[in-house]
Amino acid sequence: MNITDLKPALVWRYFHEITQVPRPSKKEEKILAYLKKFAEDRKLDYSQDEAGNIVIRKAATPGYENLKTVILQSHVDMVCEKNNDTVHNFDTDPIRTVIDGEWVRAEGTTLGADNGIGVAAELALLDDNSLEHGPIECLFTVDEETGLTGAMNLAPGFIKGTILLNLDSEDEAKCLSVVLVVWVLLQLSTIPQRLHLPTTSMAKSM
Ligand SMILES: [Zn+2]
């Protein structure tokens, strides 16, 4: 079995694509270029702030314009660790993923599921035109792992929404379940009011 055979197919397709793009903290230029091309190819509106953070916006499905804008946040950088006997350059080499029973893991290196699975879920949502939803802002922040400088230096007014769901977590199982909850909520177009979070809680709030 291949990683791209897993379901939900769109999430895993983008997770796989992200593993092919080197993205150490403070060296995020390749993944940021990938995100810009993603937005341009799909004619989605996007902007980038001084810190390097990118927001990609997707308009509401007709009939859902009056819903509040939901922000989904993930960080694009990953922890780069490898085994002593593994030859790998995190600046240039793609991650080699393997399916190991019920788990996806990387061959001799960190996988980057933190926060690649969050990034992949956002890209899947942006790419899936069969979903019905209100206005969405997908926020991709830089440099979470070595100083949180992206989230801390987010330009004022860069995002407009008032409901923010952070798809990051220290706990990868929890992170994946958060992503799945978001997926289901957006499918239903019913983000409940109790999920209101102040924007200051965007770092590690879940
Ligand atoms: Zn993280």
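Mentor: Helix α3 lies across β2, β3 and β6, and runs at about 140° to β3. Such an angle is taken between N-to-C directions, on a scale from 0 to 180 degrees, with axes fitted to C-alpha atoms, for helices over the stretch in contact. Helices (H or I, at least four residues) and strands (E, at least two) are DSSP runs, numbered from the N terminus.

The model is predicted: local features need pLDDT of at least 70, side-chain atom pairs count only at pLDDT 80 or more, and totals for chains, interfaces and linings use all residues. Residues are numbered from 1 along each chain as its sequence is written. The protein chain averages a pLDDT (the predictor's confidence in each residue, from 0 to 100) of 86, and 82% of the residues score at least 70.

The helix itself comes next. α3 covers residues 113-127, and its 15 residues reach 20 Å from first C-alpha to last, close to the 21 Å expected; that expected span is 1.5 Å times one less than the number of residues. In α3, 14 of the 15 residues are buried, a residue being buried if 20 or more other C-beta atoms, placed from the backbone, lie within 10 Å of its own.

The sheet is open, with 5 strands in the order β1-β2-β6-β3-β7 and mixed pairing. Two strands pair if DSSP finds at least two bridges between them. At the edges stand β1 and β7, each of which pairs on one side only. Neighbouring strands are turned by 20° against each other on average, direction ignored. Helix α2 also packs on this sheet, where it touches β1, β2 and β6, and its direction makes about 20° with that of β2.

Within the sheet, β3 and β6 run parallel and are joined by 6 bridges, with Q73 opposite L139 in β6. On β2, L139 is the bridge partner of V55, and 5 bridges join β2 to β6 in the antiparallel sense. β2 also pairs antiparallel with β1 (residues 45-48), over 4 bridges, where Y46 has I56 as its partner. These two strands, β1 and β2, form a hairpin with 5 residues between them, and G52 in the turn has a positive phi of about 110°.

K58 counts as buried because 22 other C-beta atoms lie within 10 Å. Leaving out residues up to four places away in sequence, K58 touches L44, L126 and I136, contact meaning C-beta atoms, placed from the backbone, within 7 Å.

Of its 35 residues, L72, A120 and C138 touch the most other members. The elements giving two or more residues to this core include α1 (9-19), α2 (29-41), β2, β3 (70-75), α3 and β6. α3 gives the most, with 9 residues. Beyond four places in sequence, C138 is in contact with V55, I56, L72, E122 and L126. In soluble globular proteins, nonpolar side chains tend to be buried together.

Terms used. A residue is buried if 20 or more other C-beta atoms lie within 10 Å of its own, exposed if 12 or fewer, and partly exposed in between; C-beta atoms are placed from the backbone. Two residues are in contact if their C-beta atoms, placed from the backbone, lie within 7 Å. A nonpolar core is a set of buried Ala, Val, Leu, Ile, Met, Phe, Trp, Tyr and Cys residues joined through C-beta atoms within 7 Å.
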